[in-house]
Amino acid sequence: MHKIAAGLERAFATHGFAEPSVEDLRDAAGVSLRTLYKYAPSRADMVLAALEHRHGRYLSHLFDELPDAPEAALDALLDRVGTWMATETSHGCLFHGAVAAEPGNERLRGVLSRHNAEVARRAADATGLAGRETELLVIMEGLTQAWALHRDAAVECAKRLGMSLRKQDA
């Protein structure tokens, strides 16, 4: 399933959610159509599998081996968001793209909500800003939106906003 989910993630990240045919998704997953449908019986299940895979990779990228010092963790975390944007998201946030492609799908909205909640909680824990999950999420989500136009300047602005949170709590 890991191989299938990784292939589906790559296909949706590269081509969006509307363009790839089931045959394209099968090819990206590197399995037969029968095997693909065994593990992901519908296109909606394929999207969910891709998002779950992306979620794990994103959490690992952001939080593995962060510095222990909360201030250093905050800077590293925001740098890592910038790196993710530079290397992984040529078409923007995959989670938001999935919801935009199917705005009425409650399962997709639930996956996005859970993803954001876990990122915010872990960011707050890592940076010593417990209770400031919403503010951290707004900073991180804002960074993902602003990165395409402002790149490194967006990362630096996000760091300043993060530091202002720390100063408010001091």
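**View 1. T134 sits in helix α8 of this predicted model.** Helices here are DSSP runs of H or I with at least four residues, strands are runs of E with at least two, and both are numbered from the N terminus. With a relative accessibility of 57%, T134 counts as exposed. The cut-offs go like this: buried is under 20% relative accessible area, exposed is over 50%, and partly exposed is in between (1.4 Å probe, protein chains only). Now look for R109: T134 and R109 are 25 residues apart in sequence, and their C-alpha atoms are 17 Å apart in space.

Some housekeeping for every view: residues are numbered from 1 along each chain as its sequence is written, and side-chain values use heavy atoms, with hydrogens and water left out. Since this is a predicted model, local features need pLDDT of at least 70 and side-chain atom pairs count only at pLDDT 80 or more, while totals for chains, interfaces and linings use all residues.

**View 2. The whole chain is built from nine helices and zero strands.** Reading from the N terminus, you get α-α-α-α-α-α-α-α-α. The radius of gyration is 17 Å, close to the 15 Å that the globule rule gives for 170 residues, so the chain is as compact as a globular protein of that length. (That radius is taken over C-alpha atoms, and the globule rule is 2.2 Å times the number of residues to the power 0.38.) Along the principal axes, the C-alpha atoms fill a box of roughly 55 × 30 × 30 Å. Of the 170 residues, 43% count as buried. Contact means heavy atoms within 4.5 Å. Among the contacts with a separation of 6 or more, 63% come from residues 24 or more positions apart.

View 3. How far apart are the mean positions of the positive and negative charges? For the 20 positive and 24 negative charges, the answer is 3 Å. Lys and Arg count as positive and Asp and Glu as negative, leaving out His and the chain ends. Each charge is placed at NZ of Lys, CZ of Arg, CG of Asp or CD of Glu.

**View 4. Helix α5 covers residues 70-88.** This helix has 19 residues and reaches 26 Å from its first C-alpha to its last, close to the 27 Å expected at 1.5 Å a residue. (The expected span is 1.5 Å times one less than the number of residues.) Its buried residues include A73, L74, W84 and M85. What covers them? The cover includes α4 (43-63), α7 (106-127), α8 (133-150) and α9 (152-169).

**View 5. Zoom in on R80, a residue of helix α5.** Is R80 buried or exposed? At 19% relative accessibility, R80 counts as buried. Skipping residues up to four places away in sequence, R80 touches H61, L62, F63, D64, E65 and L66. R80 and V155 are 75 residues apart in sequence, yet 9.3 Å apart in space, C-alpha to C-alpha.

**View 6. E65 lies in the loop between α4 and α5.** The 21 residues of α4 should span 30 Å at 1.5 Å a residue, and the end C-alpha atoms are 30 Å apart, which agrees. E65 isn't a glycine, but its phi is positive, near 55 degrees. At 76% relative accessibility, E65 counts as exposed.

**View 7. R151 has its place in the loop between α8 and α9.** Although R151 is not a glycine, it has a positive phi of about 45 degrees. Its relative accessibility is 44%, which makes R151 partly exposed.

**View 8. N116 lies in helix α7.** With 13% relative accessibility, N116 counts as buried. Which residues does N116 contact, leaving aside neighbours within four places in sequence? They are L137 and E141.

**View 9. R26 is found in helix α2 (residues 22-29).** At 24% relative accessibility, R26 counts as partly exposed. Not counting residues up to four places away in sequence, R26 touches V31, S32, L33 and L36. R26 and L8 are 18 residues apart in sequence and 8.2 Å apart in space, C-alpha to C-alpha.
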